[in-house]
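Hi there,

Here is the structure I promised to pass on. Have a look at it first, and my notes follow below.

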2 protein chains.
Amino acid sequence: MDLAIEDVDDLCVGAALLGAGGGGDPYIGGLIVKRELAAGRRIRIVDPDDLADDRLVIPTAMMGAPTVLLEKIPSGEEPIRALQAVEAQLGRTADATMPTEVGGINSTIPLFVAARLGIPVVDADGQGRAFPELQMETFAILGVAGTPMGIADEKGDVATLSIEDHHRMEWIARGITIRFGGTAYFANYPMSGAEVKRSSVKHTLTLATRIGGILRTARSGRRDPFEALTEFLATTHYSAARRVFSGKIVDVDRQTREGFTLGATTIDGGPDGRCTIDFQNENLVARADGEVLAIVPDIIAVLDAETALPITNETLRYGQRVAVLAIRVPEIMRSPAALKQFGPAAFGLAETYVPLAADGD
Amino acid sequence: MDLAIEDVDDLCVGAALLGAGGGGDPYIGGLIVKRELAAGRRIRIVDPDDLADDRLVIPTAMMGAPTVLLEKIPSGEEPIRALQAVEAQLGRTADATMPTEVGGINSTIPLFVAARLGIPVVDADGQGRAFPELQMETFAILGVAGTPMGIADEKGDVATLSIEDHHRMEWIARGITIRFGGTAYFANYPMSGAEVKRSSVKHTLTLATRIGGILRTARSGRRDPFEALTEFLATTHYSAARRVFSGKIVDVDRQTREGFTLGATTIDGGPDGRCTIDFQNENLVARADGEVLAIVPDIIAVLDAETALPITNETLRYGQRVAVLAIRVPEIMRSPAALKQFGPAAFGLAETYVPLAADGD
């Protein structure tokens with residue numbers, strides 16, 4: 001299926017929502033992709049289940065602090081150079097690329113790469129949302145090697161890593177990203193079609209596009225966007241979603257440190273008290289009155305109270321009226337091995353993961 | 001010429017002296033090489049002037065804080081993996097290796113690599129002493145590309161860099177070295193035989209061996225080692241050497257920070273007052289009574305007052321009786337371009353470089 005230019009904004013909005021506050025601004029991501037399509041290039045999206053087992057898929061993405069990205073616009077060639085560094089190490093060219101996560105920017109980087117290289121994008125990813133670190137991938141959990149990994153900056157510099165341990169790959173790549181100036185583009189987890197089918201969170205590009213479409217339709221006045229969204233998500237592998245808090249943003253504590261955007265958002269809900277959301281690029285836990293409303297790996301998205309459009313953490317501002325939507329993640333992301341990689345303890349949180357209950361649960 | 005096991009200690013002592021307080025401990029370097037020779041492996045040293053123009057030479061070395069090296073012994077394969085990463089990028093195997101600097105450890109790493117791979121070592125290097133940073137190389141000054149560069153740690157991890165700017169290569173490689181745990185092994189500045197002849201400081205392995213031999217002979221009681229050393233150096237391209245201070249070490253301020261060993265040594269000279277030597281891995285400037293005794297790029301070596309054996313900065317201790325020997329570096333290291341790369345200003349020092357005057361000057 002070819003990506004239509006009319007679908008790009010929907011895809012970016014849905015991806016930003018699933019990005020849980022991180023994953024970069026959907027506006028920039030959308031611009032990048034629409035420019036390619038307007039120039040007559042094709043972007044073909046393929047179903048992971050249709051991939052031949054022996055195909056080589058090389059995922060591509062951006063890493064670093066989204067706050068920095070706003071001031072450090074890419075030249076465009078970075079993720080392609082990163083992918084080519086991996087190809088050179090493997091001595092083989094990629095048959096397709098794929099997102100590593102869902103997010104405003106990181107859902108679109110592979111689309112850009114695909115347009116430029118004339119290869120398809122697989123409709124799947126390794127996080128089913130956005131997470132801040134490279135080892136937090138279903139790919140890693142299900143036995144895919146993280147390297148060779150290519151990392152490129154906007155100056156034409158490229159680093160190639162060959163590191164066995166997934167955490168150490170993250171540690172070294174993060175160090176390089178910091179010294180590259182805070183953001184970098186990368187390609188890692190090169191894998192076979194068989195590995196994609198076994199280890200990915202499937203159909204997340206089409207899911208994001210559907211979410212964006214539902215919000216757009218609701219905006220045009222026919223229904224409550226939260227109701228429409230919740231109803232739709234219940235029919236997907238993201239089996240449950242619920243608005244867990246509403247109010248006005250009264251504080252955003254945000255720092256760029258260690259290569260991440262770190263901080264907390266406080267929302268005043270009037271009679272409902274206050275809700276605080278801790279984040280490391282992505283929202284990790286939402287608490288109100290000492291009670292956990294939602295926690296990783298479940299998705300915590302801060303949305304505009306009226307339109308349900310997602311607000312990424314680098315654009316949160318005092319006074320915005322918002323609603324907090326929590327979404328239960330698919331089964332593949334809730335196994336004991338998955339929780340070890342990106343459950344509460346992986347972020348230093350003491351609470352145990354309890355999957356979000358749906359309204360009807 | 002084959003390196004003889006009897007020459008190894010001389011080479012390491014001389015290299016530690018030319019290492020200007022840095023470059024790593026000569027004892028560890030000597031052990032590594034003697035083990036190879038005792039196992040029956042050959043180490044062939046070739047004169048740079050005898051190299052065919054089209055030969056591929058890949059220098060190998062260690063980087064990081066020498067203080068850390070004392071506690072983090074290499075597995076042995078690291079510099080070989082770094083060199084092989086460069087070979088893979090170039091699609092060609094090395095005809096020889098070479099030191100990047102002179103120093104207790106870094107003069108011996110290429111000898112080890114040569115023994116294991118059965119390739120010769122070129123009798124030359126890119127610093128004519130030791131310097132703390134990767135862009136501080138006559139190779140860089142005379143137009144040799146720094147990358148592809150391979151960096152390896154003791155866990156089997158390898159990073160390969162492709163970076164045009166020499167300072168940025170240093171910045172990124174230093175960041176990786178810090179995250180690798182403080183030390184790493186590398187191969188960079190791959191070059192042709194023609195480039196070696198044009199850009200290297202020549203015959204520094206044989207020079208180090210001669211220096212070690214002179215000190216050993218003097219120790220056996222026949223002459224004053226400082227006199228013997230000064231007399232010999234005057235006949236080499238290091239045209240002048242002089243004992244600029246003597247006394248007792250009364251303070252060593254030493255920190256491991258930003259991937260370097262940083263600090264200052266204070267020597268009490270009794271009636272001669274106090275001498276302070278600032279270092280960043282290597283000694284940068286020796287001052288007494290507000291006067292500069294010697295300054296980079298000239299070599300400042302702290303030697304045992306009796307034996308003239310060099311004391312590297314990580315082994316300096318309170319109470320040691322020492323003499324400070326200054327050595328004027330060869331012409332190739334004193335050009336305006338060279339001083340820009342490793343003269344006083346490159347280290348943030350305000351003083352102008354004045355080459356050391358010989359006693360007879």
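**Where the two chains meet**

In chain B, 16 residues are in contact with 16 residues of chain A, where contact means that C-beta atoms, placed from the backbone, lie within 7 Å. Two elements of chain B, β7 (158-162) and α7 (166-179), each supply at least two residues of the side that touches chain A. The most comes from α7(B), with seven residues. By type, the residues on that side of chain B divide into eight nonpolar, four polar and four charged. Here Ala, Val, Leu, Ile, Met, Phe, Trp, Tyr, Cys and Pro count as nonpolar, Asp, Glu, Lys and Arg as charged, and the others, Gly among them, as polar.

Before going further, some housekeeping. This is a predicted model, in which local features need pLDDT of at least 70 and side-chain atom pairs count only at pLDDT 80 or more, while totals for chains, interfaces and linings use all residues. Residues are numbered from 1 along each chain as its sequence is written, and chains are lettered from A and ligands numbered from 1 in the order in which they are written. Helices (H or I, at least four residues) and strands (E, at least two) are DSSP runs, numbered from the N terminus.

**How the copies are related**

Chain B superposes on chain A by a rotation of 180° with 0.0 Å of shift along its axis, at an RMSD of 0.0 Å. That is the relation of a two-fold axis. The superposition is by least squares on the C-alpha atoms of residues with pLDDT of at least 70 in both copies. Among the residues of chain B, B:T160 comes closest to the rotation axis, at 2.5 Å (C-alpha). The copies meet through the same surface, because 100% of the interface residues of chain B are also interface residues in chain A.

**A sheet that crosses between chains**

Strand β7 (residues 158-162) of chain A runs antiparallel to β7(B), and five bridges join them; strands count as paired if DSSP finds at least two bridges between them. Within this pair, A:S162 stands opposite B:V158.

Which strands make up the open sheet of eight, and in what order? The order is β3(A)-β8(A)-β6(A)-β7(A)-β7(B)-β6(B)-β8(B)-β3(B), with antiparallel pairing. Its edge strands are β3 (60-64) of chain A and β3 (60-64) of chain B, each pairing on one side only. From one strand to the next, the twist averages 25°; for angles, axes are lines fitted to C-alpha atoms, for helices over the stretch in contact, and values run from 0 to 180 degrees between N-to-C directions. On the chain A side, β6 (residues 149-152) and β8 (residues 183-187) pair in the antiparallel sense over three bridges, and A:A152 stands opposite A:Y185.

**The seven-stranded sheet of chain B**

Chain B also has an open sheet of seven strands in the order β15-β14-β13-β12-β11-β17-β16, with antiparallel pairing. Its edge strands are β15 (291-295) and β16 (299-304), each of which pairs on one side only. Here the twist averages 35° from one strand to the next.

- β11(B) and β12 (residues 260-268) of chain B pair over nine bridges, with B:R254 opposite B:G263.
- The hairpin of β11(B) and β12(B) has two residues between the strands, and B:E258 there takes a positive phi near 60°.
- β11(B) and β17(B) pair over seven bridges, and B:S246 has B:A323 as its bridge partner.
- β13 (residues 274-280) and β14 (residues 282-288) of chain B are joined by six bridges, with B:D278 partnered by B:V285.

**The helix lying on that sheet**

Helix α10(B) lies across β11 and β17 of chain B, at about 95° to β11(B). In this helix (residues 225-233), B:P225, B:L229 and B:L233 are buried. They sit on the same side of α10(B), because they cover an arc of only 55° around the axis; the arc is that of the directions from the helix axis to the C-beta atoms. A residue is buried if 20 or more other C-beta atoms lie within 10 Å of its own, exposed if 12 or fewer, and partly exposed in between, with C-beta atoms placed from the backbone. The buried residues of α10(B) pack against α9 (204-222), β11 (241-257) and β17 (321-327) of chain B.

Best wishes

Methods
Contact = placed C-beta atoms within 7 Å.
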